[in-house]
Every structure is written in C-alpha cells, then in structure tokens.
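Hi,

Here is the structure I promised to pass on. Have a look at it first, and then read my notes below.

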Amino acid sequence: MLTSRRFLAATLLALACASALPAQSARESANWWKNAVIYEIYPRSFQDSNGDGIGDLNGITSRLDYLQKLGINAIWLTPIYPSPQVDFGYDISDYYSIDPQYGTLADFDRLVAAAHQRHIGIIMDLVLNHTSDQHPWFKESASSRTNPKADWYMWRDPKMVNGHREPPNNWESLFGGSAWQWDPARRQYYYHRFYIQQPDLNWSNPQVRQAMYSVERFWIRHGVAGFRLDAITSLFEDPQDRDEPYVLGPNGKPLINAYGDKVVQTIYTDDLPEVHTVIRQLRQVADRTAGRKVVLIGETYLDSVADLRSWYGVHNDELELPMDMEIGFINQWNVPLFRRRINEAETQIDGHEPLFVFDNHDNPRWDRYQFDASGHSVFGYGPYHDNIGRVLSTILFASRDTAMMYYGDEIGMVTTPPTRKEDVRDPIGIRGWPQEKGRDGERTPMQWKDAPNAGFSPAGVKTWLPIPPTYATWNVAAEEQQPNSMLHWYQQLIALKQQDPALHAGREIMLNTADTHVLSWLRQASDGEAVVVACNFTAQSQTIRFDLQPQRVTGQRLHTLLISPGAPAPDSLQSVQLGPYGVYIGRVR
Ligand code: NOJ
C-alpha cells in the first residue's frame with residue numbers, strides 16, 4: 001500500500017457486436033485518447049510465454065486478440081526496462097532497452113506493430129523522478145564530488161547535531177524511513193522519495209532534463225502511443241530543504257504510519273510549480289518528434305478534482321490525461337460523494353477530459369468495495385461481488401471520461417494478499433508487515449483458464465506470485481461461456497462507450513440529486529440523443545423515476561441498452577426497478 005496515497009446477467013439487448021474495432025486507433029486519429037479505454041498490464045503477471053514463471057512481452061502479444069475483443073484502445077505497460085527489480089521495474093538501470101526477463105527490443109517492436117494492426121496503442125511507463133542505484137548515471141555520480149554527473153542526483157551534506165551526523169531534514173520516503181541515505185564514498189546523503197535503491201534525479205540540472213528528453217524521443221521512434229509519467233508530482237523539492245510539518249492526530253501528536261514513522265506532510269516535496277515547465281518541455285519534445293499525437297498521462301494523486309485543472313496546462317500544453325484518483329479512490333460507499341466528485345469532473349476542469357481510475361498495481365482491486373446483506377464490508381467474493389462490480393464498472397465506462405482499467409478487473413479478479421510474511425515479494429510489505437502487506441495482492445497472475453497455473457505459466461512452473469485459489473471459477477475461458485459473466489458485462493459496457501454517441505462523448509448531468517441510494521445521471525449527445533444511467537448502491541431493491549423536463553428531453557419511453565441480469569426491463573421513465581446493487585442503462589425515446 002502507498003499509505004496516505006493508498007486507499008482502497010446482463011440481458012444482452014440491442015448491443016452492437018462487442019468485438020467491433022474501436023472507432024479510433026491510437027495512431028490514426030489525434031483525438032484517439034478522448035473517451036477511450038486504456039488497459040493497464042503489469043507485464044510480470046499477464047502471460048508467461050517461455051515458462052519461467054514471469055510474464056513477458058511475447059505473452060502479451062499472444063493475447064492481443066483477447067484485448068481487441070474486449071474493445072480497448074491502448075495498453076499501458078508498467079516498466080519493462082532493465083532493472084534490478086527491487087521495485088519490480090520502477091528502479092531502472094537502462095532506459096534504452098528491455099529487461100531480458102520480459103524479452104528484447106525486437107519483441108517490443110513486434111508487440112507495437114501487432115497491437116497497431118488491432119488499433120491498440122502501447123503506452124510506456126516513463127520513470128523520471130528516480131533511477132536505480134545500479135544505473136551508470138548514479139554510479140558515476142556517487143563516485144566523487146567532482147565527476148561530470150556529480151550534480152545529477154540530490155546530494156546533501158549531513159546536518160551535525162552534538163557532533164553526530166544526521167540527515168539534512170525530516171523528509172521521509174513514501175516506502176518507510178528517512179528519505180536520506182548516507183553514502184560513505186561521497187560522505188554525503190542522497191535523497192530517495194521511494195526505496196533506498198531509487199535515488200532521486202536532480203531535475204534542476206539541465207543535463208538531466210536533456211538526458212530524459214532523449215529517452216522520450218527514443219521510445220516515440222519505437223512507435224509508442226504515449227507515456228504514463230510515474231511519480232510526476234515528485235520531480236522537484238524545496239531548494240531550501242525545509243522540514244516538513246508533521247501530520248497530527250486527534251491527540252495533537254504526530255500520526256505514526258505502518259513503518260513506525262511519524263507521518264509528515266509533503267508541502268516541500270510534492271507538487272512544486274517547477275514541474276509544469278518540465279511537462280511543457282516533455283510535451284514539446286513529443287510534438288516535435290512524433291508527427292502524430294503522443295499522449296501524456298500523469299500519475300497525479302492530488303487533493304481535489306479541481307486541483308487537476310493546472311495539470312492540463314494554463315495554455316492546455318501539458319498533460320492530456322492527469323489521472324483523477326478522487327473518484328476511483330473515494331473508498332466510501334456514499335452516493336452523494338460519488339455524485340459530487342463526478343460532477344466536479346464535469347464542471348471544474350474547464351471541459352478537459354478526465355481520466356478515471358479505480359484500481360491499479362499499487363492499490364487493492366475493486367473488491368475492496370464489497371458488502372454483506374447488512375452492509376458490512378467484506379473482501380473478495382462477497383455475496384454481491386458481481387453486482388457491485390457492475391456498479392463500479394458502470395461509473396467507470398458510462399461517465400464522460402477516458403477509462404483506465406486494470407488487467408483482470410474484467411473477469412472480477414479479487415485482491416489476494418499474502419497470508420505469511422515469508423511469502424511477501426513487495427519490499428514495503430516486508431517492512432510494514434502485518435499492517436502493510438504490500439502490493440502483491442493486486443499483482444497476482446492473470447487467470448486465463450481452469451488449468452494448472454491458470455494458463456498463465458505452463459503446468460509445474462513456480463510462478464513469481466502464487467495463482468489465487470479462485471482461478472478455477474474466475475477465469476477468461478469459463479466466463480467466455482457464461483452469458484451473464486463479468487467478462488461479458490465489461491465487453492458490452494465498453495462497446496457502448498465506444499459506439500453509442502451519448503455514452504461516448506455526450507455531456508453528463510447528475511439526476512435525482514437528493515437520492516442517497518441510487519446514483520443516476522444523464523448522458524446527452526450533441527444531437528440531443530439522451531441515455532439515462534442508474535446504479536443502486538444498496539442491497540435492497542429500489543424503484544426510481546426520472547423527470548427530464550429540466551434537461552428539455554421530451555421522450556418518456558426507454559429502450560434498454562444494458563441491465564443487470566434478471567431485472568425487468570422498464571419501458572418508461574416513470575418506473576425503473578433496480579435489484580440489489582442493480583444497474584440500468586437505457587436510451588430515452
Ligand atoms: C508509482 C508506481 O506506480 C509504483 O508502483 C512505484 O513503486 C512508485 N511510483 C515508484 O516509482
């Protein structure tokens with residue numbers, strides 16, 4: 001868990017073919033990323049093609065037909081560069097190559113070409129904030145105080161207190177402990193926002209910028225459709241190295257986190273204004289190099305939806321898609337709160353395209369929202385697992401947004417954390433055990449079929465993380481056979497997002513805004529075509545009605561586009577019945 005950052009059948013009616021190609025591909029249209037569906041793959045865990053227990057690029061290529069049928073527009077690959085794998089790829093030791101355990105540059109080029117044929121773009125993860133301590137840049141920088149790269153990282157002299165050496169200030173690593181590591185050779189500390197093995201680059205140094213812009217050009221020339229900018233809010237720190245204030249608990253004392261540290265704020269280490277200059281430069285490099293649209297996505301955990309506005313750029317010349325974590329990571333099952341935040345995405349970012357995200361490789365999957373009949377939280381396959389999954393996926397795909405989904409969500413995979421400390425692979429889970437079990441639970445191998453190793457690795461191979469025991473029931477092959485499966489729900493919902501004009505790009509207006517049980521909204525295309533969406537947040541059936549006169553929608557009848565399994569299809573706006581955690585999507589006629 002990233003502590004403070006972390007949080008938390010269908011009736012097939014009148015649907016166009018789910019396997020139809022997305023209308024716009026990642027290289028054919030400048031606006032392909034708007035209202036698109038981006039699928040995050042954690043390469044270690046998607047498909048192992050060579051039987052070493054670790055997923056790889058050829059494995060991903062072999063599954064492109066599946067992804068095309070799902071209806072996605074682009075794949076975001078978490079880092080595949082050579083790396084000591086301390087942070088499973090986020091500690092890069094060479095930005096110009098592929099880690100041999102994932103394949104070769106030729107495999108990557110083949111993946112890009114094969115994806116392109118299927119109208120799918122490949123988005124690379126660009127880790128700009130830090131490198132591995134095994135990167136030659138850092139080795140050189142650490143070798144003396146006078147070498148040509150001496151100033152490429154954040155080196156500081158110690159603070160001497162009563163004759164003892166101490167770190168320059170109280171800044172903390174997000175992964176536990178002081179953010180400063182003593183280097184005996186240079187007799188200085190270096191700063192690391194994440195693991196000790198991930199020293200932060202000094203972005204005030206123009207040579208660092210140029211080095212990273214070269215990396216950006218390299219991958220654009222290899223055909224990528226965009227970049228996901230890792231930890232982009234952390235590039236700069238306070239030049240005066242001021243201490244962070246502590247986060248105080250109700251008793252007025254600093255809160256203590258899972259690592260035993262006093263929790264500090266991040267006003268001097270996060271979201272400093274200088275980062276915007278860098279993003280504009282990244283934008284210019286992309287525009288000048290590509291001759292096509294290369295989309296920039298930011299990992300932007302911010303305090304409010306409105307805070308996203310500045311990341312698009314004052315002149316709209318920064319990120320296309322700063323991630324909106326305010327909606328996906330609300331982590332409260334609360335209709336008014338969802339309504340307010342979704343409405344903010346519609347009204348407070350000047351009409352820019354929001355990017356909704358509900359889970360990823362750093363956060364538990366959507367089974368974190370699961371309840372029993374009395375409304376108590378349960379995890380995994382609770383009694384309403386599928387229905388609640390339908391609610392969350394409907395918010396993701398039927399909103400006016402670009403939707404970012406995580407591999408395995410479409411088959412309802414659940415978070416499966418390790419049960420014993422000795423099984424943990426993610427270092428933060430070892431350090432923070434048992435309060436912080438790390439991120440292994442959301443990184444387990446993809447469940448392809450009911451076969452040994454779930455079709456991820458060949459039988460008999462020890463996979464890098466265990467296959468969750470639920471694979472026998474929850475897998476692609478089984479769900480392809482079940483008309484009411486989560487997989488079919490996702491395919492239908494994505495097809496609607498791609499093909500229905502109102503659901504693709506129509507404006508979004510919240511409806512029935514006093515209702516605390518059902519979240520409803522209207523999507524309306526520029527030609528007036530209207531679609532209503534309703535999600536029941538309760539375990540009780542609900543009956544609702546819509547009055548669309550204020551929106552000047554005159555029709556009264558409904559044509560069902562998608563509805564939770566077993567529910568009666570309504571024919572009028574006057575009465576729409578929703579079962580427990582039921583969903584309804586219908587066109588107004
Ligand atoms: C965010 C990434 O998503 C996470 O997995 C990683 O550990 C940190 N950035 C550090 O790169």
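**Around the ligand**

The ligand has D87, Y90, H130, F175, F194, R228, D230, E299, H361, D362, R439 and R443 around it; a residue counts as near the ligand if one of its heavy atoms lies within 4 Å. Before going on, please keep in mind that this is a predicted model, where local features need pLDDT of at least 70 and side-chain atom pairs count only at pLDDT 80 or more, while totals for chains, interfaces and linings use all residues. Also, residues are numbered from 1 along each chain as its sequence is written, and side-chain values use heavy atoms, with hydrogens and water left out.

What kinds of residue make up that shell? Three are nonpolar, two polar and seven charged. In this scheme Ala, Val, Leu, Ile, Met, Phe, Trp, Tyr, Cys and Pro are nonpolar, Asp, Glu, Lys and Arg are charged, and the others, Gly among them, are polar.

Some of these residues come within polar-contact range, meaning a pair of N or O atoms within 3.5 Å (within protein, one must be able to donate a hydrogen and the other to accept it, and residues adjacent in sequence count only if both atoms are side-chain atoms). The side chain of R228 has an N or O atom 3.1 Å from a ligand oxygen, and for H361 the distance is 2.8 Å. D362 places a polar side-chain atom 2.5 Å from an oxygen of the ligand. On its own the ligand has 290 Å² of accessible area, and the protein covers 99% of that (Shrake-Rupley method, 1.4 Å probe; for residues, only the protein chains shown count as cover).

**Helix α5**

Next, find helix α5, residues 206–221. Helices (H or I, at least four residues) and strands (E, at least two) are DSSP runs, numbered from the N terminus. The expected span of a helix is 1.5 Å times one less than its number of residues, so the 16 residues of α5 should span 22 Å; the end C-alpha atoms are 23 Å apart, which agrees.

Just after the helix, G223 has a positive phi of about 90°.

Which residues of α5 are buried? They are V208, R209, A211, M212, Y213, V215, E216, W219 and I220. Buried means under 20% relative accessible area, exposed over 50%, and partly exposed in between (1.4 Å probe, protein chains only). The elements they pack against include α3 (105–117), β3 (121–127) and α6 (275–290).

N169 sits in the loop between β6 (164–166) and β7 (180–183). With a relative accessible area of 6%, N169 is buried. Its side chain makes a polar contact with the side chain of W180 at 2.7 Å and reaches the backbone oxygen of D241 at 3.1 Å.

N316, in the loop between β10 and β11 (321–324), has a positive phi of about 55° although it is not a glycine. N453 has a positive phi too, near 60°, and is found in the loop between α10 and α11. Are they buried or partly exposed? N316 is partly exposed at 48%, whereas N453 counts as buried at 15%.

The loop between α10 and α11 (476–481) also holds P434, and the peptide bond from W433 to P434 is cis, with omega near 0°.

Happy browsing!

Technical notes
Contact = heavy atoms within 4.5 Å.
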